[in-house]
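Biologist: I would like to learn how to read a model like this one, feature by feature. Could you walk me through it?

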Amino acid sequence: MLTGSKTTFKVRQMVPDIKERMLSHSGVHARGREMFGLCCLPGECVLQRAVLVRKKLSAREGGGWLSGTLFCTHFRVAFVPQDSPKPDDNADPVLLGDHDVALASIEKVVAVGPSRTKLVTPNSSLKFTPEELVLYCRDLRVLCFLFDRLTPDTQAIEITYTIAKTYQPLKPGTLFSFQNAALGSIEMKQFLSNRRRDPNMNWFECPADWEQELERTGATGWRVSSVNDRFEMSTSLSRFNVVPQKVLDTELKKTFAHFNEGRIPRWCWRHPRGSDLLRMASFQNNIYHEKDDIRNLELVLFGGQQVCVVVDLGEEMPSPADIQLAHTRLRALCLGDISASVTVPDDKWLSTLEGTHWLDYTRCCLRKAAEVACLLRGGHLTVALQEPEDRDMNCVVSSLVQVMCDPHSRTVAGFQSLVQKEWVMAGHRFLSRINYHRDSDKEEAPVFLLFLDCVWQLWDQYPGRFQLTGDYLLALHDSVHIPLFSSFLANCQRERCRRSQHLPQSYTPINGLREMLPRGASDDPTDPPFPPVWDWALQYSSQRQARFTQPVSQPICSQPLLNGNLNTNLDPNQYGDGVPGSVFLLSRGTFSSPSNLLPWRSAGSSASYRKSHRRAPSSESLPGLERLIKACSLTEPPQNTNTAFHDPHEPLLPLLLGPCVRVWKDCYLRGALHAQAFSHPMSSITQHPVEQLACEVQQLREKLAQVSIVRPANAAKRQESHRPEANLNQNANNETFLFASSRAAQQHHASNRATAHPSALTKTPHPTPATSRSSNRDNNKHTFLFGHQSEGRHVPTRNAKLPKNN
Amino acid sequence: MLSLGSGGPKPAKPSFVSYVTPGEINSEKDSSKKVEHLDLLPGEVVFCSATPVLRYTQDDLSQRGVFGTLLCTNFRVSFISDESPQEEVAQHFKNRLYGENDIPLSCVDQIYGVYDEKKKLITGGQVKNKYPSKIIFHCRDLRVFQFCLTYAKEEDGRRIFQGVVRHCLEPKSLKCVFAFSYSVPAKPVLQENQRTVMFESLEDWHQEMRRTKGDCKPIRDNEAFEISHRLPKYFIVPAAVETEDLSKCEGKGIPIWCWSHHSGCALFKMASVPLGQEDTMSQSHMERMLHAVAQNYLYSVKTEDLTETLPTLQDIQQSYNKFKQFFLIDNTMDFWLSDVKWFSSLENSGWLDMIRQCLRKAMEVVECLEKENTNVLIMEEGGSDLCCVVSSLVQIMLDPYFRTMVGFQSLVQKEWVSGCHQFLDRSNHLHQKEKECQSPVFLLFLECVWQLVQQHSPAFQFSETYLTVLSDSIHVPIFSTFLFNSAHHKASVLQAESPRSQNEVLTCPPVWDWSVQFDCKAQDFFINPLYAEKNKPDKTQRKTHKPKHQRQLSLPSSAFKTPPKKGFFKEETESLKKMLRMRRVSRWLVSPDSPQASTREFYESWQRKPLDYHGVLLPCLDGPAMRVWMQRYLRWIPELQIFGGGAIAVTNRLAELQGEVVQLRRELDRQGRRENKPDNHRPLALSRSSVRLSSSFPFASNRNWSFKPVIPNSRLHSIDVTDNLANQEDEATEAFTVV
């Protein structure tokens, strides 16, 4: 029966027991096994499949159709194109292929019949044979599968049912079936536990990590405290926190009670001009302050600086509920759901977009971050971000500030470290906010997605100054919706540690040997080892991973010296004073110093404390601080543009006016199938012109090198000119990513014109350290600490005819 | 002293200075010493000047500015700063005709005077003796200038104010336009293969017909404009049109060939004939014409009356007026204020929707030509406004030739200049009082093209900058392209204006001679570095792309199977007559639900195919796809410039890489290898400079760099959305009342 459009199929109610309905189980092989052409993960089983299915490709994928087989396993909906290359048996399994979607990220299943569309729920019955299956995903993708006339009708119906029944947890609060069945399997556990960790990024899991960060930013006067090692002081804080050196652990313990949830002011980052960024929860007001406490409190808050500005994020920023509402509206607008008949007419699109307020919220976050960034630029003050809970907006703003000011955090490794530091370790409630279990609807709010949108806005405005790309942000955005990653599956480090207690604290492979002991193999199967989200090889093919960074190789250009002593006007001896001074509140763009800002100062008994000191400067420095923010905005144009080299620490200040803030169309609008045309179709086959050109340059260079191999060499010139190129891949701290390579190229040309000898080049010793992966950390340290000694840092003086934008 | 209005006394000797009374000329003499900085163009005369005048920087709140001299010449209003002009490196993109502080007279859109802190719109007729303390210019290229006159001598101030108002706002005659006093030596003709086809000779038309393989009849009967003044000298009609039909309706009702599809069907446009109920004469004429069009290919034709389905000229004008106000800001405060409701006010102006409608209409025509292979006849009352928009858009979408620079210029020549678009009336160069004719139709067309460029940039050889410059050039009163209402108008004016030596006819350069405005380096910005050039020649590509058409295989009778819901003229005269009687001539969009759905379907089926930049190109018309032409509208607003960012950063990088490729290739060649690859990448000029570019490059210059409040501070916060997050619904109204 080929045209079974009028037949009504009575389908028996499926028993929710998966085992019974499984078509196959991929058994015992550790690396998974092929099942009807699908490369299964270890422990994964195929529940249903449908043959002769066509998948609609988005414009990004090249447009058109792809025919193949559709599978539903209990982890994903997989699509295998007809003539896809055979997967390499020895390759590590990738969780999701290029055409797959995790069941957990599906939000809605819609079956399109000959004359009607129906939203398929686990309990609904289908009275027609679907011709088209549309999957609406939480990450705003829309996948569209078409059943051919030759697809057996039963297959089409069954797979629709199967997806509809398995994509949601049976009851709120239970884990997904795959996590129970597959991730819990021994093979998968072994496989996951054996994963290498990315050594390039900072995980902030041990004191050494924090120390490294302190060193990188050149922060002095701070130490890593392990007073919360067993989460006794604060359950939501991480084990290790950075506090002023002067406060002893015993003294520190007393301060926890003065802050909401014990989230005391902690150091996050130091601006190169010597200002520190702190974050904290709101004060507990009803606590009696002893004099000793007060000294410690002030020390913790001021951290050795004279001036402290408290930036209140509770009031002006959108609440999680606001963000959730805005996001819901935005989804409704962008998805253009066919099951909901209401569509926004094209000429009302803009005002509807305005009505979602999503862009207002991104603007709001970016503005706040820009203010803080300008403030930090002033140097020698402490900026403390304060939010009642210190777990949402503080994460957004503190990380945005660092993206704006710190070139390191615009690299992939740096950005991952940043998220690790400010979100994962700082205790952002990922689990509740993303609401994987669908049980805490009130808590649900895509705060992290808002942050990603903010970063995208920055990236969109300054594409040349990021090493990471929009593709990377998109990948991160999508993986938030897959409940597999330890980074997102807990609300704080304590929960995370509990879950993975059987894992070593920080596993470091020795010489690449996987000497993982099979211990813990008998662990509770409900407790599978979740991988961190940063293990991109688990999720994406290397092809897609290659698009996470700028296509052009980045040579080293003037390395920023993040030693915290840039342009310091104040005498560093002032640190020695140790007596904290005045405190201001930045709220709504103005400074004030309300007397009740610090509760211990306003309390009656201790009001006399340093009263005289407080009053005097507060009235004077107010306008001074305002000037600070303004001064930053009134950046003078470089007078002599030939030699002007912009300050690498000059923050990327985003433009926030209406026309400049845009919709992240690659993300939000990719689902709307009709809206895909205006992104250039960039499949893996057709490259972006920049990429193509970069490849061409690379090839030509190689050719040139081959050609010039016969020529005699001029060693002296070579050594200098080739050095930047030799470090192409060491890009951790570049301030400019897109534009830098041309300098290398030019120098290369110069060298080639001087008939260089490349074979000799490779042998020349480099002034900068070697770039092997394992030693990268040390490497960074070196470049930061001793970077100024390398002559390459003074590029501007060497060559007046440099290309612009540096 | 001053002669007001066009009816002023005219000196006996007719010359270009006739508009200037001797008094004015004298007044120019004593200020001449201050004028030395100004490089006058040949034929340019200074009318009056005042000094010192303070030009405010755009941030009004600071009241800062630069002192200098304000001049009014017969070409421009110019401000010369007293400060020594700082040597800017960023002057890649200097316009040779006018600098960044000059406003060509016809570029002035509106003038405001500030009397006692009150801003008043100055209109032509009512120049009082009292001159304002501050004068504000809104330019048509979206610049805003503010000058303070209080520092100048009272007499100077009054004179400059009155002079500016008179020359910028009051009606004048065409011969006072600067083009007629501007005299430059004739430029050597451009190379033949790079030449823009001007469509001024019969050969041009022949050539175009050969190129598109059209099979129509060239008409040369209008060489002396006997048939109509509203038609070009030469044009092409369907082969079946008889010569006697041409002169029937005063030049109206003649289907004029625009372009032939490779399948054989063609696009025609026509000035519609008013159809009275009992006007059998014109009815039968129409019938015959439709017949003639239908005979062009397989007896099928679809017609569309654009006056009924697209916005009127007044609508377009009103909508644009609303739209441009968002960008003509006197000070930065304005912008922050409008920012709160940016999207909804943008939507209310309706401008983006007009663009969408035009593009949609063009897409419908494309669908008919490409999918159904029927001839299409578009009609309009004058046949030279929206017809031009739609027909040019259709050709850009269908024919890759028109996406090259030369092709695009030829297209504008063909459809707009030869098509007798009333450039003069539409842009209101002469400041006529009755403004009904005024309407930015050509700008609307450029906007539509920009949307296409934006969505499919590799398909276009020219860049966004090219379009922006072209839109600016409309208001530079030098180019013959934009000065006349029709070919007849041009011929007669040029004839009348150059009597001095009979054998020499006054020539104005066409706008396509870009060297008049820009040097070679600057012209490089017109080229899109991402242009996907075609390797194969046009014809073979086309054949492989579309091997055979169904229609070509089928019998002619199959043409009648097209769905009847669309008004469709069949061969039978009976049905045609019936339709005509029912007065449903020519509407294919009768049912309201079908067009959009079918267009969408067409678009989606197009989308399913792999995108070929040298094939059919369709725009996406969805809400988020229509965008504001940032470069044109936002380039002068310093708050909206991203330094070291924006799209230019990527373009810049591309240009650098291309330069590198070229260099490396050259290097390879030099190394003695026999590889001689053709070098088809052209490095851009900007790749070698070292300026930190702003996102509105190449237009923004250093002058806008200072005073840039990146972060709105306290005062602005009070009006900002974040205030009222809690009560979201009525926040904006509240926000405004707060201010």
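**Domains, chains and salt bridges**

Modeller: Let's start with chain B, which is divided into domain 1 (46-170) and domain 2 (202-274 + 281-525); such bounds come from an automatic or database domain assignment. Please keep in mind that this is a predicted model, in which local features need pLDDT of at least 70 and side-chain atom pairs count only at pLDDT 80 or more, while totals for chains, interfaces and linings use all residues. Residues are numbered from 1 along each chain as its sequence is written, chains are lettered from A and ligands numbered from 1 in the order in which they are written, and side-chain values use heavy atoms, leaving out hydrogens and water.

Biologist: How many residues of domain 1 of chain B are in contact with domain 2 of chain B?

Modeller: A contact means heavy atoms within 4.5 Å. Here 31 residues of domain 1 of chain B touch 31 residues of domain 2 of chain B, and the C-alpha centres of these two domains are 34 Å apart.

Biologist: And what area do the two domains of chain B bury between them?

Modeller: The size of an interface is often given as the accessible area lost when the parts come together. Buried area is that loss, taken with a 1.4 Å probe and summed over both parts. For domain 1 and domain 2 of chain B it is about 2600 Å², with 55% on carbon and sulfur atoms.

Biologist: How many helices and strands does chain B have?

Modeller: Chain B has 25 helices and 14 strands, while chain A has 27 helices and 19 strands. Buried means under 20% relative accessible area, exposed over 50%, and partly exposed in between (1.4 Å probe, protein chains only). By that rule, 63% of the 739 residues of chain B are buried, and 60% of the 806 residues of chain A.

Biologist: Where do the partners sit in the salt bridge of Glu347(B) and Lys348(A)?

Modeller: The closest N and O atoms of Glu347(B) and Lys348(A) are 3.9 Å apart. This pair crosses between chains, from helix α9 (residues 342-349) of chain B to the loop between α8 (320-335) and α9 (349-356) of chain A. Glu347(B) is buried at 14% relative accessible area, whereas Lys348(A) is partly exposed at 42%.

Biologist: Which parts of chain B does the pair Lys302(B) and Glu372(B) link?

Modeller: Their side chains meet in a salt bridge at 2.4 Å, N to O. Lys302(B) lies in strand β13 (residues 301-305) and Glu372(B) in helix α10 (residues 351-372) of chain B, 70 residues apart. Both Lys302(B) and Glu372(B) are buried.

Biologist: What does a network of salt bridges include in chain A?

Modeller: One such network links Arg263(A), Arg266(A), Arg279(A), Asp390(A) and Glu422(A). Over all chains, the structure holds 50 salt bridges.

Notes:
Helices (H or I, at least four residues) and strands (E, at least two) are DSSP runs, numbered from the N terminus. A salt bridge is a side-chain nitrogen of Lys or Arg within 4 Å of a carboxyl oxygen of Asp or Glu.
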